Amino acid sequence: TYRVNAVYTFNVPGFRRHMRHSKLYINGGGSLMQDVTSHRSLWFYLYTISAAKRLGCQVMMYGCGIGPIHHPDNRRRAARICVISLRDFHSSTELASMDVTKPEIVVSADPTVILPASPRTVADGILETFGLDPSNHFIGFTVRPWPGFKEKAPIFAAAADYAYERYGFVPVF
């Protein structure tokens, strides 16, 4: 669609082949730089950044979340990456705690919230597919399990109840 030469994330040989002929590697979207879900995912994304640099690419991390990174070795590894833009102040604080100050760290909007809205007919169609009346007003919740999530789940439920009772927003999870 956008005439971008892309390669599947976990195709390491294909990634290296493409990076040899590329000028810019854009890494981003989501909290890729964290070791809560696993050390391996952090190591993989750090590998792609360092490999792209070694193969002559400029690296831009766009709309990334950083942290939490708990393990000291992982913090040292992550502190050596090139960061251009972050999606939240927590990530900026996380980098500061790792003594990362260069290059300039910029906090920008999360790319997901600056995308243009879908045409009304498309949005209505999606809502109808899930049995939702498009004439309602909605509040969206995007949650995923994390350690301690079960203890916090009632807070999300209370927020959904409040939004419905106070403002008439139909909660969508």
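Start by selecting N11 and G14: at the start of helix 1, a side-chain oxygen of N11 comes to within 2.9 Å of the backbone nitrogen of G14. A polar contact here is a pair of N or O atoms within 3.5 Å; within protein, one must be able to donate a hydrogen and the other to accept it, and residues adjacent in sequence count only if both atoms are side-chain atoms. The model is predicted, with local features needing pLDDT of at least 70 and side-chain atom pairs counting only at pLDDT 80 or more, while totals for chains, interfaces and linings use all residues. Residues are numbered from 1 along each chain as its sequence is written, and side-chain values use heavy atoms, leaving out hydrogens and water.

Next, select helix 1, residues 12-20. Helices (H or I, at least four residues) and strands (E, at least two) are DSSP runs, numbered from the N terminus. The buried residues of helix 1 are G14, F15 and M19; buried means under 20% relative accessible area, exposed over 50%, and partly exposed in between, with a 1.4 Å probe and protein chains only. Looking down the axis of helix 1, its buried residues fall within an arc of 130°, so they line one face of the helix. That arc is taken over the directions from the helix axis to the C-beta atoms. Their cover includes strand 1 and helix 2, where contact means heavy atoms within 4.5 Å.

Move to L55, in the loop between helix 2 and strand 2. Its contacts, leaving aside neighbours within four places in sequence, are R16, M19 and R20. The C-alpha atoms of L55 and R16 are separated by 7.8 Å, with the two residues 39 apart along the chain.

Now show strand 1 (residues 24-33) and strand 2 (residues 58-66), which pair in the parallel sense over seven bridges. Pairing requires that DSSP finds at least two bridges between two strands. L24 stands opposite Q58 in strand 2.

For the rings, select Y8, F10, F44 and Y45, a cluster linked by ring pairs. Rings of Phe, Tyr and Trp (its six-membered ring) pair if their centres lie within 6.5 Å; planes under 30 degrees apart count as stacked, over 60 as edge-to-face and the rest as tilted. The count by this rule is eight aromatic pairs. One of them, F141 with F173, is stacked, at 4.8 Å centre to centre and 15° between the planes.
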